[in-house]
Amino acid sequence: MAHIWVRAEQRAFEQRVGLTPEGAQKLMAAGHSVTIEESSTRAIPITGYADAGCAIAKEHSWIDAQDDAIIFGLKELDEDGPDLKHRHIMFGHAYKGQAEGPALLNRFKRAGGTLYDLEYLVTETGRRIAAFGYWAGFAGAAVGTMAWIAQQKGEKLGAVGVYQSKDDLISELRAGIADITDLPSTIIIGALGRVGTGAADLSEALGFATTKWDMAETAHGGPFPEILDHTMFVNCILAAPGVPQFVPKDSIGKERVLSVVADVSCDPSSDYNPIPIYDHSTTFADPIIRVADAPNLLDVMAIDNLPSMLPVESSEDYADQLLSSLLTIDAIDQSVWGRAAETFKTHVNKL
């Protein structure tokens with residue numbers, strides 16, 4: 001049986017976790033060992049894991065874990081960390097031309113470790129086993145709305161925080177638009193997927209006119225002037241070969257209604273970025289890139305860990321989706337895990 005070591009996240013503002021105490025209890029009942037690192041940020045308290053019977057380790061002590069431990073985190077590790085000898089489960093952001101990808105893969109290659117990228121845990125038909133998509137879309141549309149509200153006040157959106165529940169978030173947004181009579185229109189591309197569904201649910205909960213596009217509406221490859229006719233554009237399409245440019249650079253200077261782009265997919269360093277009007281991700285502390293000033297404002301939101309805005313709900317949802325695969329992790333060379341390992345080897349061999 002496997003030893004799963006859940007590490008503390010190293011990314012600032014990251015409060016999510018991929019395993020709940022209830023899930024840990026099920027893993028241990030199936031014969032697996034579970035170690036949980038203490039964390040100064042995790043939304044789910046360590047006491048729940050201790051009560052479930054997990055071993056508790058110091059924050060960031062995974063480096064010294066037994067060689068056979070499988071290190072499980074969500075977001076990427078610090079870039080200046082050690083070479084990686086363990087098997088790691090996390091979002092690596094290393095396979096789609098991202099600038100930081102080769103450095104991460106070389107850390108694995110030098111030390112002999114393996115990356116099981118959460119984005120590439122897929123079924124035989126290529127469908128992802130688990131995703132934060134719904135909450136990413138929900139939060140992305142929410143931050144986009146916050147940016148628009150700030151614009152109405154003649155301001156640029158400042159730091160945004162974390163919410164205990166989606167109801168708290170919606171209540172705050174409704175209060176923010178309460179005195180505004182001319183509400184924004186939203187266009188969502190990728191509306192039929194999990195990400196787009198979350199974005200649409202947020203937009204419609206606030207009473208915004210919402211246009212939902214998916215593959216049928218974008219198949220012609222562009223241009224897409226309709227995007228410029230909406231107040232806010234929420235992009236829910238991952239960067240990939242063949243994805244068209246939705247907001248080209250020359251859109252900035254065109255006549256447009258568009259004043260907020262919420263790029264939920266957020267792949268600015270990818271060669272296939274469909275929104276090439278910005279070049280770096282944003283953060284909860286500094287959520288907006290202003291790419292055009294008054295009188296024709298255009299703000300871009302590109303936070304790449306959006307579900308952290310609702311860390312408890314998003315963690316519980318994701319952990320529930322992933323648990324059935326974690327229960328099979330003793331056969332890590334087979335099925336979903338084997339496919340992820342082969343994907344890793346393919347990319348490492350290209351270095």
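Strands β1 and β4 run parallel and are joined by three bridges. Helices (H or I, at least four residues) and strands (E, at least two) are DSSP runs here, numbered from the N terminus. This is a predicted model, where local features need pLDDT of at least 70, side-chain atom pairs count only at pLDDT 80 or more, and totals for chains, interfaces and linings use all residues. Residues are numbered from 1 along each chain as its sequence is written, and side-chain values use heavy atoms, with hydrogens and water left out.

**The sheet**

- V6 has F72, in β4, as its bridge partner.
- Six strands make up an open, parallel sheet, running β3-β2-β1-β4-β5-β6; two strands count as paired if DSSP finds at least two bridges between them.
- At the edges sit β3 (55-57) and β6 (114-117), each pairing on one side only.
- On average, neighbouring strands of this sheet are turned by 25° against each other, direction ignored.
- Helix α10 packs on the sheet, where it touches β5 and β6, and its direction makes about 120° with that of β6. For such angles, axes are lines fitted to C-alpha atoms (for helices over the stretch in contact), and values run from 0 to 180 degrees between N-to-C directions.

**Helix α9**

- Helix α9 (residues 311-326) has a kink of about 30° centred on D320; the bend at a residue is the angle between axes fitted to the seven residues ending there and the seven starting there.
- Its buried residues are P311, S314, S315, Y318, A319, L322, L323, S325 and L326. Buried means under 20% relative accessible area, exposed over 50%, and partly exposed in between (1.4 Å probe, protein chains only).
- An α-helix has 3.6 residues a turn, so residues three or four places apart point the same way.
- Covering the buried residues of α9 are, among others, β1 (3-6), α1 (21-29), β4 (70-72), β5 (87-90), α4 (133-152) and α10 (335-348); contact means heavy atoms within 4.5 Å.

**W213**

- W213 lies in strand β8 (residues 209-213) and is buried, at 11% relative accessible area.
- Neighbours within four places in sequence aside, W213 is in contact with I187, I188, I189, G190, A191, T218, F224 and E226.
- G176 is 37 residues from W213 along the chain, and their C-alpha atoms are separated by 27 Å.

**Cysteines**

- A disulfide is a pair of cysteine sulfur atoms within 2.5 Å, and by that rule the count is zero.
- For C266, the closest cysteine sulfur is in C236, 12 Å away, which is too far for a bond.
- C266 is buried at 7% relative accessibility, and C54 is buried at 8%.
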